[in-house]
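User: Hi! I'm new to this one and would like a friendly tour. Please show me the structure and we'll go from there.

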Amino acid sequence: MPPTTPPAKSPARPKRGEGQWKLGHREPLNPNERVKRDDDGLNVRARIENIYSKQGFDAIDPSDLRGRMRWWGLYTQRKPGIDGGRTAALEPEELDDRYFMLRVRIDGGALTTEQLRVVGEISEQYARDTADVTDRQNVQYHWIAIEDMPAIWKRLEGVGLLTTEACGDTPRVILGSPVAGISADEVLDPEPAIRTILDRYIGSPEFSNLPRKFKTAISWQQDVAHEVNDVSFIGSVHPEHGPGFDVWVGGGLSTNPKIAQRLGAWVPLDEVPDVWAGIISVFRDYGYRRLRHRARIKFLIADWGAAEFRRVLEEEYLSRPLVDGPAPATPERPIDHIGVHKQTDGRNYIGVAPASGRVSGTTLVALAKAAESVGSRRVRLTPQQKIVVLDVPDESVAALTEELAGLGLQADPSPWRRATMACTGIEFCKLAIVETKERAIRLVDELEQRLADVHPDVPISIHLNGCPNSCARTQVADIGLKGQIVTDADGNQVEGFQVHLGGGLGLDAGFGRKLRGLKVTSAELGDYVDRIVRNYVAQRTEGERFAQWVLRADEDALK
């Protein structure tokens, strides 16, 4: 038989572009990119003030309502009465309430008592007394009416506070150490760099159209969850150049979590803003815009690697090499600043723990008054949903601590109150599937009774999240709880959680262990945590952290 001719190979398909501007990939655009192309999100402020606040909710253009208004810290909140099982089944307009969540941008968590009082008064007057401290050092309101936004902005901006780019595809609030400038453990105060970035770039069209949100942390200490931010600058002493900052890029959580990678670069304090601008520029120009679920910088870093990212940064954006530098030493324990601590000037700061960040405007006004009564004029919020009062004289510590406890702000909290966080949850969030805030508060109360005899060497962190997006950093908690609908013992569909165990930051940086099928109902949560904590205490070796025990424990001990 004559030999057969092999079929001709079809030409290889060209690789589809990822929407990277620098490579000329401007099409096709996903719906979010089209909205940003049509009008910069910063421009919606004028429409809110001149049209929507006067004509009301029904006048709001849908692309502003569910898109651009985020550039000014506004999201529609969840309509009451919609259960979690319907979250993914309904259209956005079916989930939208006629009220808004509003985030107040508080970079570095730094507030004067005058600013704190105004934040509290706005809550009382316009937000039905809601005011949650978030793990991004924001204050978050609910029940905001669009008609009230001009008055709210006037009051906030009158004391130097912003909602600018508190949400949206923008450079979000910059996390900073709540004890920057006063801590005995700090060698170099990064506040000038944070302030420079705010003054130069926040609210500027230069970075108001990013592929996705961009989260920054700058701190001498490792108290800002730097491993899960898009970019972080963390204190490091160079053997030749002295104190400066080690650069990390590409961290993030949600449904595809990544631990940030070190660039291996040391940056002096005065160069931090320029290097930050270079990094965010790389993201703006090379970030993936075709598929929104792959648009965070962590995907670019995962594909390129830290070395290639650094090369592009140096050659195309900085026009100079960065200095190689050492990694900072990892602290032996998490840093949360709870309790009474000495400042460098001899006064004290007091870190207190509201339950899962839930406070109120009334509480914040009372806190401002209490701080001022002992001569303090400064308060700071933490990335762990806690609050720190600065500049307290020795003779006032005991009285102020007692007064704060009366407000529900404990300086000597139980380990369960100290280390429990929760996201907004189904009460207000359109993405949520289960209740989190109130469930976390009830859980802490329950554990304080049930585990009063248990004293872990290090508080065991418990993070509750209402959906997979991990706003409460579920994957890096000792006990991470991701909300979902589960089946109870009677076959009913009820609120519950998928359990992640042994995640952490610092010495235990990573995402822990997810056991197949390990889910608990919301009602069973107290029983489950009680059981697993007691198993840990019974089985741990000397000095063994919870995350270390989880990695070696039998599955039966984790259920």
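User: Let's start at a helix. Which residue just after H12 takes a positive phi?

Analyst: That's Gly-408, with a phi of about 85 degrees. Helices here are DSSP runs of H or I with at least four residues, strands are runs of E with at least two, and both are numbered from the N terminus.

User: Before I get carried away, what kind of model is this?

Analyst: It's a predicted model, where local features need pLDDT of at least 70 and side-chain atom pairs count only at pLDDT 80 or more, while totals for chains, interfaces and linings use all residues. Residues are numbered from 1 along each chain as its sequence is written, and side-chain values use heavy atoms, leaving out hydrogens and water.

User: Good to know. Back to H12: which of its residues are buried?

Analyst: In H12, which spans residues 397-406, they are Val-397, Leu-400 and Leu-404. Buried means under 20% relative accessible area, exposed means over 50%, and partly exposed is in between (1.4 Å probe, protein chains only).

User: Why do they sit on the same side of H12?

Analyst: Because they cover an arc of only 70 degrees around the axis. The arc is taken from the directions running from the helix axis to the C-beta atoms.

User: And which exposed residues are on the face turned away?

Analyst: Ala-398, Glu-402 and Gly-406. Over on the buried side, the cover includes strands S12 (339-342), S13 (348-352) and S16 (387-392), along with helix H11 (361-373).

User: Switching to strands. How many residues of S7 are buried?

Analyst: Six of the six residues in S7 (214-219). Phe-214, Thr-216 and Ile-218 are on one side, with Lys-215, Ala-217 and Ser-219 on the other.

User: What joins S6 to S7?

Analyst: Four bridges, and the two strands run parallel, with S6 covering residues 171-176. Two strands pair if DSSP finds at least two bridges between them. Leu-175 stands opposite Ala-217 in S7.

User: Which way do S19 and S20 pair, parallel or antiparallel?

Analyst: Antiparallel, over nine bridges between S19 (479-487) and S20 (493-501). Lys-482 has Gln-498 in S20 as its bridge partner. S19 and S20 form a hairpin with five residues between them, and Gly-491 in the turn has a positive phi of about 85 degrees.

User: Where does S21 come in?

Analyst: S21 (519-521) runs antiparallel to S20, joined by three bridges. Val-520 in S21 stands opposite Phe-497. Thr-521 also lies in S21, and this threonine is buried at a relative accessible area of 6%.

User: What does Thr-521 touch?

Analyst: Leaving aside residues up to four places away in sequence, Thr-521 touches Val-486, Asp-488, Val-494, Glu-495 and Gly-496. Contact means heavy atoms within 4.5 Å.

User: Last topic: which phi does Asp-129 have, positive or negative?

Analyst: Positive, about 70 degrees, although Asp-129 is not a glycine. Most residues other than glycine have a negative phi. Asp-129 is in the loop between helix H5 (113-126) and strand S4 (130-133), and counts as partly exposed at 26% relative accessibility.

User: What about Glu-165, buried or exposed?

Analyst: Buried, with a relative accessible area of 0%. Glu-165 has a positive phi too, near 55 degrees, and its place is in the loop between helix H6 (149-158) and S6.
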